[in-house]
Amino acid sequence: MRNIPIVTKYLLIINIVMFLITELVAPMGIDLTSILGLHFFKASDFHVYQLVTYMFMHGGWMHIIMNMFMLWMFGMVIENVWGPKKFLFYYIVCGIGAGLCQEVAQYASYVIQGLDAYQFVNAGGSQMPMDAYLNLMTTVGASGAIYAVLLAFGMLFPDERMFIIPIPIPIKAKWIVVGSVALELFYALGQPGDGVAHVAHLGGMLFGFILIKYWQKHPYSGPDDFGMGRGSQFFDRMKNSWERHSSHSSGGGTKFHYRPNTASEQTRRESDWDYNARKKAEQDEVDRILDKIRRSGYDSLTDEEKRKLFEKSKK
């Protein structure tokens, strides 16, 4: 747990704690799933806050185990790349988007079946009031947001190879995402009554795709962490600032560093060639450290690398 990024860590903790509380209070007659799960918007039990709370409710042990495993596996990587603020924003927005898509799908089913014309529904040989029936249309689970995280992984690391049980050969992440979309579409259209919110899964991926494409076109418009450690914009600005401060580009793209024209510098024994070589080596080392942060996060740096970055930032 110590090495898990902060947002992913707390999402795991909140989901697990909420599931355990739900299981503990159920024998007391308290149905948290009904209170916090996402109801169909025409049902009397629907509340707007459920578009957020439903993401932290789960329908069984297998449901939460699979979702938390995927969140741990992919969330760690995406949060280290984006930083905590951007990752949390993405996760929550995609989860809400998944819930909205599920609401649209339920409304389409409601209209197609013509349920608005009836006051009762036949269920198990008895008549159930329409309001009670609509309240049964409840969605729970973090799957929509987590499928969006899977999509992000596939778009950021399309050629990363992964093993999917029971397939014995590694598959590129981009094909896993394509296969997931195809499978969810198949089940959504072919088996709409299987009790799984396939449209919510697709909705989360749809909102994720829109966000990622928008950020790709507007790289400085998304939320980010400007603290020391994870925000890629922060380090890009540091890098650009250092380069402007310490280098000058020639037509061929090679950086030449000019020594300050001071008496103390003139007395140095270091030649201009050696000075430029040393400055270029220092800049290359900073670039390497920044690239490492983008790939694996600030916590992956060694103490020596953190020291070098800190000393360079003070110049």
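Modeller: A residue is called buried under 20% relative accessible area, exposed over 50%, and partly exposed in between, with a 1.4 Å probe and protein chains only. By that rule, 40% of the 315 residues of the chain are buried. The model is predicted, with local features needing pLDDT of at least 70 and side-chain atom pairs pLDDT 80 or more, while totals for chains, interfaces and linings use all residues. Numbering starts from 1 along each chain as its sequence is written, and side-chain values use heavy atoms, without hydrogens or water.

The chain has 13 helices and eight strands (DSSP runs numbered from the N terminus: H or I of at least four residues, E of at least two).

A pocket is an open set of points on a 1 Å grid over the protein atoms alone, where a 1.4 Å probe fits, with protein on both sides within 12 Å along at least five of seven lines; lining residues have an atom within 4 Å of a point.

The lining numbers 43 residues, and Y147, E184, V196, H198 and H201 come closest to the centre. By class it has 25 nonpolar, 16 polar and two charged residues (Ala, Val, Leu, Ile, Met, Phe, Trp, Tyr, Cys and Pro are nonpolar; Asp, Glu, Lys and Arg charged; the others, Gly among them, polar). The elements that supply at least two lining residues each are α4 (61-82), α5 (84-112), β4 (138-139), α7 (143-156), α8 and α9. The most, eight residues, come from α4.

Two of these elements pack together: α8 (residues 173-190) and α9 (residues 198-217) have axes 8 Å apart, at an angle of about 145° (lines fitted to C-alpha atoms over the stretch in contact, angles from 0 to 180 degrees between N-to-C directions). In α8, V177, V181, E184, L185, Y187 and A188 make contact with H198, V199, H201, L202 and M205 in α9 (heavy atoms within 4.5 Å). That contact has eight nonpolar, two polar and one charged residues.

E103 touches L38, H39, F40 and F41, leaving aside residues up to four places away in sequence.
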